[in-house]
Amino acid sequence: MSREVPRVLFANRRPGLTASLAEFERGGGYRGLRRAVAELSPAEVRRLVADSGLRGRGGAGFPTGVKWSFFPHDAPPDKYLVANCDEMEPGTYKDGELILADPHQLVEGLIVSAYALGANRATVFIRYDYERAACALERALAEAREAGYLGEHILGSDFSLEIHVHRSAGRYILGEETALLNGLEGRRPNPRLRPPFPAQKGLFGRPTNVQNVETLACVPHIVAHGPQWFRGLARTPEGAGTKLFGLSGHLERTECFELPIGTPLREIVEEWGGGVWRGRRFKACLPGGASTPFLDARALDVPMDFTALEKAGSRLGTAGVTVFDDRTCMLRVTHNLISFFARESCGFCTPCREGLPMVRECLARLEAGRGTLDDVDWLKEQVPRINLSFCALAQGAMGPLSSLLALFGDEVLDHVGRGRCPLGEG
Amino acid sequence: MPTLTIDGRTVSVPEGKTILEAAEAAGVRVPHFCWHRALGALGACRLCAVTVLDGPQKGVRMACLTPVQEGMRVSTLDESSWNMRRSVIEWLMANHPHDCPVCDEGGECQLQDMTVAGNHAVRRQRGRKRTFHNQDLGPFIEHEMNRCIACYRCVRTYRDYCGGDDFGVLGSRDRVYFGRFRPGRLLSPFSGNLVDVCPTGTLTDKTSRFRARPWDLEEASSVCPHCALGCAVIPGGRYRELLRVRADPRPQPNDGFLCDRGRFGYGYANRADRPRQARLEGRPGTLAEAVAALRERVEGIARQHGPEAVLLLGSARATVEANALLSLWARRLGAADPVFDLAARRDGAARIFARAAPALRATLADVRQADLTLVCGADPLAEGPLLALALRQAARRGAAVRVIDPRPVPLVCEAERLPLAPTLVPEALRFLAGGNGAGLSQEVLQPLAETKRLFDAARRPVVIGSAEGLGPDGVRALLALVAGASRPDRDAKAALLLPGPSSFACARLASAVPNAQDLRRRLGGGKIRAVVALEVDPLAEAPPAVTGVIEKAELFAALDYLPTATVGRANLFLPSAGPYEQDGAFCDFAGRLRAFARVLRPGTPILHTGKGNHPPRTFSPDVPGGDAAPAWEILAEILGISGGLSGARAEIEKAFSFLQGLAGLRADARDERVLPGGEPPAPPGAPAGPEPAGLRLLLSDPFVGWEPLSAHAAVLEVLRPEDAVYLNPAELARLGLAPGARARVEAQELSEIRVARAADLPPGLAWVVRRRGSALSRLPAGEVFACRVAREEGA
Amino acid sequence: MDVLDEKTLSELAARVRAYPYPREMVVDVLRAIQERRGWVSDEGVELAAQLLRISPLEVEEVATFYDKIYRRPVGRKVIHLCDSVCCFSRGGEDILKHLEKRLQITLGQTTPDGMFTLLPTCCLGACGQAPAMSVNLRLYGHLTPEAVDRILEEERREVSP
């Protein structure tokens with residue numbers, strides 16, 4: 001940790017501890033909310049967020065200001081704001097860390113965002129396995145209520161808001177926002193057809209904005225310090241803000257760091273991650289979670305920013321960076337990833353329900369050295385077709401598969417040629 | 001109207017339509033599984049991939065989800081969408097069993113068609129296929145989950161379209177399971193639609209399992225005979241056995257759906273005890289002998305004792321042609337009109353409605369499109385089940401559904417009910433039409449005023465009643481309500497549920513004013529010497545005062561295909577053909593004539609004659625049990641009309657001008673001809689009799705157990721309701737009856753024992769659901785009678 | 001045995017009454033039943049349906065979707081071992097082998113004494129502590145065979161000291 005980096009979202013983070021309301025306020029917490037309700041109209045808050053260049057931190061990277069502009073803020077109640085803390089994409093654990101470290105950030109983010117959107121009900125959707133985070137959040141909500149930040153007439157204004165916590169029961173698909181809405185309604189959490197979009201007909205048929213936890217946490221900071229400050233946090237001109245990077249895989253240090261958007265991958269791997277473990281060499285990484293295409297060593301100098309990563313053939317995604325060393329069989333890794341997506345398919349559409357298990361079996365054959373060149377051709381055909389799935393889940397699965405074939409095609413063919421894995425037992 | 005081209009064909013469709021719908025209109029078939037005309041798009045199967053060559057979003061798109069745009073150019077033939085469709089088939093076939101030889105869907109399986117169309121022949125997938133345990137879904141539907149391709153049509157049909165809540169989607173990922181919480185009979189009265197909508201052999205008709213390949217079936221366009229709605233059906237049979245009934249997929253009139261009574265109630269045709277041979281004074285004979293005897297004896301009695309000695313009984317379930325020829329026979333004999341309905345009140349109501357202006361008579365499509373529906377004195381699920389389904393479609397589009405009825409009328413959609421004594425329902429209708437609500441209490445008037453506001457604001461309201469529930473007074477009020485509410489910008493319509501598929505035509509064939517008093521006089525005068533029952537069972541349906549006379553008649557002739565009490569007692573019996581065994585026409589509840597074509601010739605099924613051995617080894621020009629003839633043919637013979645059906649229809653058109661057009665109707669094309677309105681009967685001179693004091697008995701019909709055809713279909717017996725008498729809880733307590741206790745119910749000198757049950761009824765009312773064969777069920781439904789209900793001691 | 005005690009039942013019923021759409025409580029009710037009984041039996045599904053005024057089938061549709069609603073009996077402690085890419089790449093499979101050896105069961109099974117059920121799970125959100133597992137909502141990371149032995153011992157002791 002050689003470098004000085006701005007500490008915004010992790011300003012109050014202490015190992016193993018959860019920041020209390022007092023600590024949060026000492027660090028400037030709820031200043032954004034105070035400013036918003038006292039000085040700014042909802043439209044002005046929306047404007048600040050649009051100007052900040054904030055992009056969604058949940059994986060898709062959609063500009064938050066644009067998403068908010070679709071929301072019918074002056075429609076009659078009920079209007080819902082939902083924080084998406086399903087966070088089940090392998091390699092991604094930043095939202096859990098954020099809530100455990102400093103839950104009031106999410107609370108404040110929800111209140112300010114609800115104020116900006118004119119939402120009168122907010123829900124935090126939290127995954128089954130984040131029970132500790134859910135409890136920390138509930139404590140924070142109680143503290144916020146007690147302090148007048150939440151409930152009727154927040155800080156003496158006309159604005160009122162209640163926040164619920166919904167504990168889920170374990171499925172990755174609920175991270176998809178329309179599946180999440182079905183889950184909240186107590187229906188089978190299959191994704192919904194769009195249109196209508198959640199902004200028009202979301203939870204219980206009412207306008208709904210679903211936002212990632214980290215995205216919401218950024219909002220009060222933008223309101224408190226201004227959009228220019230936020231943009232200035234990034235290391236690339238087109239980027240904005242800091243980002244929580246959760247490191248995992250074959251690194252010496254697998255922790256979650258807050259770093260400026262645009263920090264080069266090499267710096268993340270070598271400095272923050274302490275380099276590839278056991279003195280080995282970098283072979284590849286998933287730069288933003290299990291659904292982002294692999295990058296190989298040629299991409300180490302790419303700045304970790306939405307646009308730069310797209311240019312490099314991948315995506316920033318959730319910025320969960322999973323690194324693989326040079327002894328890793330990428331076919332085996334892809335097999336594991338496809339197994340995950342096949343198992344997490346909701347089973348609604350054919351490419352995902354039937355296609356992914358077939359891809360899984362094909363990869364298993366190849367991995368075991370029983371595959372043929374026909375199998376490889378067949379895999380290539382699958383990518384554009386499975387990409388025509390109903391929602392993004394199966395499309396996400398095609399990220400690693402297509403990059404396996406593009407970047408590590410020789411390694412795949414080697415399995416066929418030798419009739420076994422060229423790298424031995426992983 | 002955007003114009004686009006699909007595979008080079010140009011087509012214009014309304015804004016908002018999808019590529020798939022446009023392709024259908026252009027005659028281009030886009031392969032699909034989950035899309036269904038009545039259920040709409042879902043986007044799950046991904047089979048309908050097409051390529052948009054020119055348009056806002058180029059590339060491979062799902063045809064069912066992509067709205068059309070002006071100038072769009074679409075191809076279904078280019079390589080990329082073709083490849084996608086091939087892959088979808090490959091994915092689906094990876095786990096699909098190759099049990100097509102023993103699959104009842106084989107030959108009419110969409111998956112099979114698409115597999116062939118997609119050129120998929122080699123399974124690349126290795127390893128074991130996915131398997132599931134099946135559920136016992138009851139006597140109607142066979143479940144074979146291994147064949148499922150998860151198109152979700154079944155759930156959307158069962159839950160969304162039909163309103164059931166006991167069948168759904170379980171599990172997830174590649175183990176999605178369509179079934180029930182626990183094995184058991186599907187409870188929706190529309191469960192059979194699963195058979196039609198399922199594109200594979202996952203859900204098939206259990207009643208015809210393993211009996212025939214689809215291409216071996218004899219099929220024809222027919223009209224359902226199980227109620228007056230006139231649903232379009234395609235029955236199928238083989239080896240002289242009726243094997244199944246499916247819905248005609250075309251949208252009109254029933255939107256491609258059927259009720260389980262219409263679908264599974266066909267067993268009457270195949271019964272081993274079906275009367276198939278003519279009988280003369282207890283002696284078996286040929287049909288020709290019996291026809292000659294019938295003519296001679298009736299004509300003889302008319303000559304000897306005068307035409308008033310002849311009583312002809314027409315029938316709601318006989319064809320329009322048979323009933324018309326019976327009328328013609330009465331004319332020739334100089335006798336009184338046939339009695340088409342022995343229930344005088346229901347008959348009177350039907351005769352009024354049958355003369356209403358066509359524009360006021362609602363069809364099923366009108367109900368589906370309604371923005372407000374009122375159900376007054378009618379039980380659609382029992383009296384015309386598809387009407388209940390149509391109500392649900394209206395409700396799904398946002399229409400309010402209000403029920404005004406003494407009974408807790410079950411529906412398959414949300415409805416608000418106003419419980420009202422049966423005699424007050426007509427007054428409620430008059431209030432809605434602007435009347436002062438005389439005789440209605442304040443607590444009734446308040447919700448009624450709210451309903452009136454809704455009615456006044458609605459643009460396409462439909463008011464639904466039933467002939468037996470409303471009676472003549474109620475039907476007058478019903479028609480006055482909708483006639484008064486119709487304006488150029490506003491289409492108010494009425495629907496009246498009638499007992500059978502020819503009821504409307506019979507009511508029109510009869511004079512405008514019922515001859516109930518005349519009938520009583522004739523029956524009481526001891527003059528009746530000849531009774532001819534055309535496909536009707538008066539002994540089960542009429543009270544003792546009537547049946548006593550009929551049974552004593554010198555000639556008691558019956559034409560029928562059901563083993564009824566009447567057939568058993570008749571001294572001259574002529575076997576007639578069932579509705580699917582002849583060409584003919586029915587007339588639906590809205591006065592629409594529809595022709596149907598013969599599916600099978602009548603004859604004893606080979607299953608019975610060969611006792612399972614096939615084929616018979618003896619050769620004979622006669623079909624065993626094949627003597628039966630259509631009733632119209634028998635009557636034409638008696639009347640000396642030649643030329644087969646067209647000859648008979650020509651005579652009928654000549655005699656009854658309102659049946660003009662009957663001869664031109666084509667069954668295959670589903671032609672229909674709307675009966676014109678007529679001179680409405682004058683309001684009655686005599687006021688209705690006084691309301692009986694004390695406990696009153698109200699009878700009504702069940703979904704299954706009364707309608708004569710399905711009551712003779714053994715497979716439907718599980719749907720028969722319990723023999724219960726329903727009272728409101730306070731009444732039950734007053735009578736000292738615990739729910740479940742045995743109670744003796746007496747009315748009109750009839751009596752039987754029933755199980756006492758509590759129900760949400762107005763005070764003073766005992767409600768009995770009829771069952772064919774029970775004593776009390778001989779009383780007409782809809783009317784109220786003074787009655788006694790008392791605890792029955794002993795076992 | 002009743003699926004839920006009187007007190008829990010009335011609390012849940014009160015919450016259901018407070019919701020404009022009772023169905024939205026379905027996961028909460030199923031989890032409440034599971035918390036008391038370890039798993040959700042058919043009777044549990046029927047009770048939930050009754051509370052939420054929907055059909056048992058509609059509850060079952062949701063219950064069978066989620067991985068962490070158990071519709072079959074499980075041991076007193078359910079071990080969910082992560083098999084997603086981060087844990088997998090840091091020795092998750094060795095931990096599985098070790099667990100199977102120690103418990104003498106394979107994935108999906110319950111130990112004969114009814115103490116542990118071993119199930120896989122997708123990513124637990126503990127990628128920085130890979131390999132990881134959870135035991136009844138308690139998270140354990142940086143697993144080694146020795147750590148697993150210690151955890152099993154502690155978890156077992158917690159039930160029967």
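Which residues are linked with B:Arg182 in a network of salt bridges? In this predicted model, the network joins B:Arg182 to C:Asp42, C:Glu43, C:Glu46, C:Glu60 and C:Arg71. Over all chains, the structure holds 109 salt bridges. Selected pairs in chains A and B follow, then a sheet in chain C.

**Salt bridges in chain A**
- A:Lys94 and A:Glu214 form a salt bridge, with 2.9 Å between the closest N and O atoms.
- This pair links distant parts of the chain, 120 residues apart: A:Lys94 belongs to helix H5 (residues 94–101) of chain A and A:Glu214 to helix H9 (residues 213–225) of chain A.
- A:Lys94 is buried at 2% relative accessible area, and A:Glu214 is buried at 0%.
- A:Arg187 forms a salt bridge with A:Glu185, the closest N and O atoms lying 3.1 Å apart.
- A:Arg187 is partly exposed, at 37% relative accessible area, whereas A:Glu185 is buried, at 7%.

**Salt bridge in chain B**
- B:Arg351 and B:Asp347 form a salt bridge with closest N and O atoms 2.6 Å apart.
- Both residues sit in helix H9 (residues 344–353) of chain B, four residues apart, or about one turn of the helix.
- B:Arg351 and B:Asp347 are both buried.

**Sheet in chain C**
- An open sheet of four strands has the order S2-S1-S3-S4 in chain C, with mixed pairing.
- Strands S2 (116–121) and S4 (138–140) of chain C are at the edges with a single partner strand each, so one side of each has no neighbour in the sheet.
- From one strand to the next, the twist averages 25 degrees.
- Strands S1 (residues 77–82) and S3 (residues 133–135) of chain C are antiparallel and pair over three bridges; C:Leu81 has C:Met133 in S3(C) as its bridge partner.
- Helix H6 (residues 92–103) of chain C packs on the sheet, touching S1, S2 and S3 of chain C, and its direction makes about 155 degrees with that of S1(C).

Note on methods: Residues numbered from 1 in each chain as written. Chains lettered and ligands numbered in written order. Predicted model: local features only at pLDDT ≥ 70, side-chain atom pairs only at ≥ 80, totals over all residues. Heavy atoms only, no water. Pairing = 2+ DSSP bridges. Helix = DSSP H or I, 4+ residues; strand = E, 2+ residues; numbered from the N terminus. Axes fitted to C-alpha atoms, helices over the stretch in contact; angles between N-to-C directions. Contact = heavy atoms within 4.5 Å. Salt bridge = Lys/Arg side-chain N within 4 Å of Asp/Glu carboxyl O. Buried < 20%, exposed > 50% of the residue type's maximum accessible area, 1.4 Å probe, protein only.
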